[in-house]
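Take a look at the model below. This report describes how its parts pack together.

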Amino acid sequence: MLYGRMGYLSALLFVNKHFGEEKISQNHIQQVCEAVMASGENLAQKRNFTAKSPLMYEWYQEYYVGAAHGLAGIYYYLLQPGLGVSQAKLHNMVKPSVDYICQLKFVSGNYPPCIGDNRDLLVHWCHGAPGVIYMLLQAYKVFGEQKYFSDALQCADVIWQWGLLKKGYGLCHGTAGNAYAFLALYNLTQDMKYLYRACKFAEWCLSYGQHGCRTPDTPFSLFEGMAGTIYFLADLLIPTKARFPAFEL
């Protein structure tokens, strides 16, 4: 997502959505999407994943699971209607790959940062349940299977229990980024519990600098710093329109 083909596709869809017309041709978007699918299929075959997951992707020689660098972010976008992935490929390639991620779930309801990493430690948008939840919710919307929704609810409980982070208040690996998962669930279900949880995380963010959190490397940036926290707090003013910036459509 952050600096790969899928992040590029995200930017193209963002442009078309906000201009309200096809500034970027659908043909170009589909060409990039097909390159993503072909790359995932080739790596799955090369690394003997195909029987478990028809698609596979790596980053720095690791099979990352999360939204920022890994599989959950890629599959979230492949499930978007705007990419035009065929029904056959959705059901035969994307869905079993999503199901493989579901099998990696820890007993806690959280997810590993990488395939083969059995440490249940990270609850960030970039690594863990706060990023995987978007893939699960999109899979539920596309395939209508309750198991995806149930797993997403487990993610929300993990975030509520462990999602106030000493790493900071930002989006990528901070409290504001984790809170967006509650807003995604609220907008899908209209369950006030999730809006309440988002507001409680916002209260934590409003005490900026008072929790002994570390200072980000880029303290004013969108993904690590204060800009992302402010963006989240502003989104809470109209929660029905809240979207994780540069990620959710």
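A crossing of two helices is called left-handed if the near helix is turned anticlockwise from the far one by less than a right angle, and right-handed if clockwise. By that rule, α8 and α9 cross in a left-handed way. The model is a predicted one.

**Two domains**

In the contact, 26 residues of domain 1 meet 26 residues of domain 2. About 2100 Å² is buried between the two domains, and carbon and sulfur atoms give 72% of that area. On the domain 1 side, W125, Y134 and W160 lose the most area to domain 2. Together they account for 32% of what that side buries.

**Helix pairs**

Two packed helices are described by the angle between their axes and the distance between the axes. The table lists both values for three pairs.

| Helix pair | Angle between axes | Distance between axes |
|---|---|---|
| α5 (residues 129–143) and α7 | roughly 20° | within 9 Å |
| α7 (residues 175–189) and α9 (residues 226–235) | about 25° | 9 Å |
| α8 (residues 192–206) and α9 | roughly 140° | within 11 Å |

Start with α5 and α7. Their axes cross at roughly 20°. Angles under 35 degrees count as roughly parallel, so α5 and α7 are roughly parallel to each other. The crossing of α5 past α7 is left-handed. From α5, the contact uses P130, I133, Y134, L137, Y140 and K141. From α7, it uses G177, N178, Y180, A181, A184, L185 and L188. By class, that contact has ten nonpolar, two polar and one charged residues.

Next come α7 and α9, which pack at about 25°. That angle makes α7 roughly parallel to α9. Here too α7 passes α9 in a left-handed crossing. A176, A179, Y180 and L183 of α7 touch G228, T229, Y231, F232 and D235 of α9. The classes are six nonpolar, two polar and one charged residues.

Which way does α8 lie relative to α9? The axes of α8 and α9 cross at roughly 140°, which makes α8 oblique to α9. A198, A202, C205 and L206 in α8 meet T229, F232 and L233 in α9. This contact has six nonpolar, one polar and no charged residues.

Key. Residues numbered from 1 in each chain as written. Predicted model: local features only at pLDDT ≥ 70, side-chain atom pairs only at ≥ 80, totals over all residues. Heavy atoms only, no water. Axes fitted to C-alpha atoms, helices over the stretch in contact; angles between N-to-C directions. Helix = DSSP H or I, 4+ residues; strand = E, 2+ residues; numbered from the N terminus. Parallel < 35°, antiparallel > 145°, perpendicular 65-115°, else oblique. Contact = heavy atoms within 4.5 Å. Nonpolar A, V, L, I, M, F, W, Y, C, P; charged D, E, K, R; others polar. Buried area = accessible area lost by both parts, 1.4 Å probe.
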